[in-house]
Protein chains: 2
Amino acid sequence: MTTVSELGTPALVVDGDALEHNLAAMAAALPGPRCRPHVKAHKTTAVAKRQRAHGHVGFTCATPREAIGMAEAGLGDDLLVANEVLDLERLEALAHLEARVTVAVDSEGTIEAATRAGLRECVIDVNVGLPRCGCSPEDAGGLADRARREGLGVRGVMGYEGHVVGLADHAERVRQTAECMEQLARAHDDVGGDLISAGGTGTYDINELATEIQAGSYALMDLAYGELRLPFRRALSVVATVISTNPAGGYAVADCGLKALGMDHGNPAIDGATVWFCSDEHVTFSYDGGAGDGPRLPALGERVAVWPAHIDPTVAYHERMYVADGEKVVEVWPVDLRGW
Amino acid sequence: MTTVSELGTPALVVDGDALEHNLAAMAAALPGPRCRPHVKAHKTTAVAKRQRAHGHVGFTCATPREAIGMAEAGLGDDLLVANEVLDLERLEALAHLEARVTVAVDSEGTIEAATRAGLRECVIDVNVGLPRCGCSPEDAGGLADRARREGLGVRGVMGYEGHVVGLADHAERVRQTAECMEQLARAHDDVGGDLISAGGTGTYDINELATEIQAGSYALMDLAYGELRLPFRRALSVVATVISTNPAGGYAVADCGLKALGMDHGNPAIDGATVWFCSDEHVTFSYDGGAGDGPRLPALGERVAVWPAHIDPTVAYHERMYVADGEKVVEVWPVDLRGW
């Protein structure tokens, strides 16, 4: 039986209880098809299987490879590639899966690519304020007509309020989500179809329009979402080993750096410590406070849990995640949906 | 024959001419053993083979896996793991390689781990000002004595002026490098040995003490080092496809995001454009200027070169790099030194 302190580091470690709590909490709030878990956050079919065991049959993917991996893992009942894809080879691979695959389209070009590849269903991706993909709400109906003329089934609309999901002020998050969804509703009036797919972990409980929420981060959580007072626990850390200490400087160095952590949201956290900085293979940190003799220095070889600021680009660096029950490693899950 | 515009994206693309220029420029400035190229920047044995063809036989590694991969690729004549490792399993794997492996040690614990694993040679890692690994200069001699008592060969010292290599002001970079190297010289006096290993791409031509420079980024370069007016050309971009455009907003979206880019140094760059932001799979950007009708919008499907701010954590996300001669892809190199 392996224990967490025997793992080669840096190692992604999942707190099995916290994961289970998070999956159960989401399934209670948004049962079955009300949540379409986004696999981009964990890129791991083993996590998706747990989500499915909690009743969610449809999944959201960001890349063709995620959808292909999900189908190969037997999770292809209803896969939404919630992203624009023009790559014909990859679209054809999606079309040949034994899976129900729906792609997002936001232009004549993406509709043409999808039909040429032999895909059968789409949603119209609508821009609801985040400057990223998605057509204008007023163009959605025309694109839906065009898609249908080309022989694509149009299942509805999607529109991601990604600029809103992380707002710290709850009232403001509610207000802006409603504004975004007004635009999506307008587009849906013109498009039709059963699906109104939107939302994320930060708006899962306040988005009143979406028929399904594309939440991903709730399963494992991260520092950014941790600030929103959501009922989800942090379930993923990068366990690192202290490889050097500097008593004069009062700091220690552990082997978890820029190649083990998504850094776009800033530094990770270590409980009770201040993170000084990260470099390619290192995090330098010092413990806070401490009575009398000042803050303690960790011992060489001691393990520390490093909490990533942003989960998605953190997970994408790792080959596997270890599921822990306290100190015991109870499962090893390959991060099998990496790459493109 | 594949062309760059046929590649599935995001794709790491190496400008073969620029790479060759960079390798030749470094080999001219620091021939043979004067440079010990750091493989952490490119994590690719095919690049290391080119560096060797330019006369550099010894290499620097940041992780055991890098060293193992280098040895397996026939590049194990003189590998320095310039990092502290306590993991006995990995150290034993290093000790069993058919390769000359030297590890950095900065404490009794790391010396003990190296000897227990059966490693035969080390350098004393000295802290020269960067708050990371390395012993105090005054402790270096004592650690060297101890290592020798334990049966380790002590080849000399290393000390990385990582807080100085990126200083924009050349005179300041020179001054601080000299200060750092005074400390390393003091340690070397006490330690002895042939090696004084230090430096990086930003100090390769101003570090006057080091017998060998551990430069890595010079081969492929990035935005951060691009600001230092070094004689190395940018040789690595992430090629992306424009998958959505927004004429009203004046922006476009390409498929190169946080999982394809190290973000600790900030946003990447696109020539002639302003990068708005990156999300997991996207970069939103707009072209600058433009006469009369305003800046142009790229066409759907158009390729753009995205220049990473920091190369090391960018490369670590990718499975392969494509070497291009203009539009032609002439080689595909696996990024085979990833992970730990």
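Residues are numbered from 1 along each chain as its sequence is written, and chains are lettered from A in the order in which they are written. As the model is predicted, local features need pLDDT of at least 70 and side-chain atom pairs count only at pLDDT 80 or more, while totals for chains, interfaces and linings use all residues.

**View 1. The side of chain A that touches chain B.** Here 49 residues of chain A are in contact with 49 of chain B (C-beta atoms, placed from the backbone, within 7 Å). Elements giving two or more residues on the chain A side include α4 (88–95), β10 (251–254) and α9 (311–315) (DSSP runs numbered from the N terminus: helices H or I, at least four residues; strands E, at least two). The largest share, four residues, comes from β9(A). The copies meet through the same surface, since 100% of the interface residues of chain A are also interface residues in chain B.

**View 2. Around L12(B) in strand β1 of chain B.** L12(B) counts as buried, with 26 C-beta neighbours inside 10 Å (buried takes 20 or more other C-beta atoms within 10 Å, with C-beta atoms placed from the backbone). Leaving aside neighbours within four places in sequence, its contacts include L236(B), V238(B) and Y322(B). T314(B) sits 302 residues from L12(B) in sequence, yet their C-alpha atoms are 9.0 Å apart.

Technical notes:
Two residues are in contact if their C-beta atoms, placed from the backbone, lie within 7 Å. A residue is buried if 20 or more other C-beta atoms lie within 10 Å of its own, exposed if 12 or fewer, and partly exposed in between; C-beta atoms are placed from the backbone.
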